Amino acid sequence: QVHFVESGGGVVQPGESLTLSCEASGNIKGGWTMGWYRQPPGKERELVATITSDGLTDYSTSVKGRFTISGDNPKTAVVLQMNSLKPEDTALYYCHFRGTSVWDMSIDAWGRGAQVTIAS
């Protein structure tokens with residue numbers, strides 16, 4: 001079982017910035033991947049950005065160069081800095097954790113989601 005503590009999100013104007021934070025806790029072993037996925041209104045959930053515990057990152061092409069994901073070592077936590085926000089970034093942003101428990105069980109868990117709205 002993974003417990004999430006999430007913060008961030010809100011309403012901003014185009015061109016402004018927001019930060020999302022997510023910390024996962026529980027009986028988790030080292031070696032994980034965390035990140036965010038988003039679900040725009042009426043659309044499927046899609047990748048935003050991920051980072052591994054080793055610091056390897058991956059971004060969707062739509063956010064590359066504008067968003068930065070970073071780890072908050074030594075905590076199992078990540079931060080997503082979102083700059084130059086556009087109306088099409090409006091979505092419910094979900095924190096995601098994939099890893100292994102101390103009992104060697106696979107974990108694939110989602111946070112409750114944070115609303116990000118970009119409006120003029």
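A polar contact is a pair of N or O atoms within 3.5 Å. By that cut-off, the side chain of threonine 90 makes such a contact with the backbone nitrogen of isoleucine 118, at 3.0 Å. The model is predicted.

**Threonine 90**

- Threonine 90 is placed in the loop that runs between strand S8 (77–82) and strand S9 (91–100).
- The relative accessible area of threonine 90 is 16%, and buried means under 20%, so this residue counts as buried.
- A polar atom of the threonine 90 side chain lies 2.9 Å from the backbone oxygen of proline 87.
- The side chain of threonine 90 also reaches the backbone nitrogen of isoleucine 118, at 3.0 Å.
- Leaving aside residues up to four places away in sequence, threonine 90 touches Pro40, Pro41, Gln115, Val116, Thr117 and Ile118.

**Aromatic pairs**

- The count of aromatic pairs comes to 2.
- In the pair of tyrosine 37 and tryptophan 110, the ring centres are 5.2 Å apart and the planes stand at 70°; planes over 60 degrees apart count as edge-to-face, so this pair is edge-to-face.
- That pair links distant parts of the chain, with tyrosine 37 in strand S4 (residues 33–39) and tryptophan 110 in strand S10 (residues 106–110), 73 residues apart.
- Tyrosine 94 and tryptophan 110 form an edge-to-face pair, with 6.4 Å from centre to centre and 90° between the planes.
- This pair, too, links distant parts of the chain: tyrosine 94 belongs to strand S9 and tryptophan 110 to strand S10, and the residues are 16 apart.

- Tryptophan 110 has a relative accessibility of 36%, so it counts as partly exposed.
- Tyrosine 94 has a relative accessibility of 12%, which is under the 20% limit, and therefore counts as buried.

**Arginine 45 over the rings**

- The charged end of arginine 45 sits over the ring of tyrosine 94, at 3.8 Å from the ring centre.
- Arginine 45 also lies over the face of tryptophan 110, where the distance to the ring centre is 4.4 Å.

Terms used:
Residues numbered from 1 in each chain as written. Predicted model: local features only at pLDDT ≥ 70, side-chain atom pairs only at ≥ 80, totals over all residues. Heavy atoms only, no water. Helix = DSSP H or I, 4+ residues; strand = E, 2+ residues; numbered from the N terminus. Buried < 20%, exposed > 50% of the residue type's maximum accessible area, 1.4 Å probe, protein only. Polar contact = N/O pair within 3.5 Å; in protein donor to acceptor, adjacent residues only side chain to side chain. Contact = heavy atoms within 4.5 Å. Phe/Tyr/Trp six-rings, centres within 6.5 Å; stacked < 30°, edge-to-face > 60°. Lys NZ or Arg CZ within 6 Å of the ring centre and 35° of its normal.
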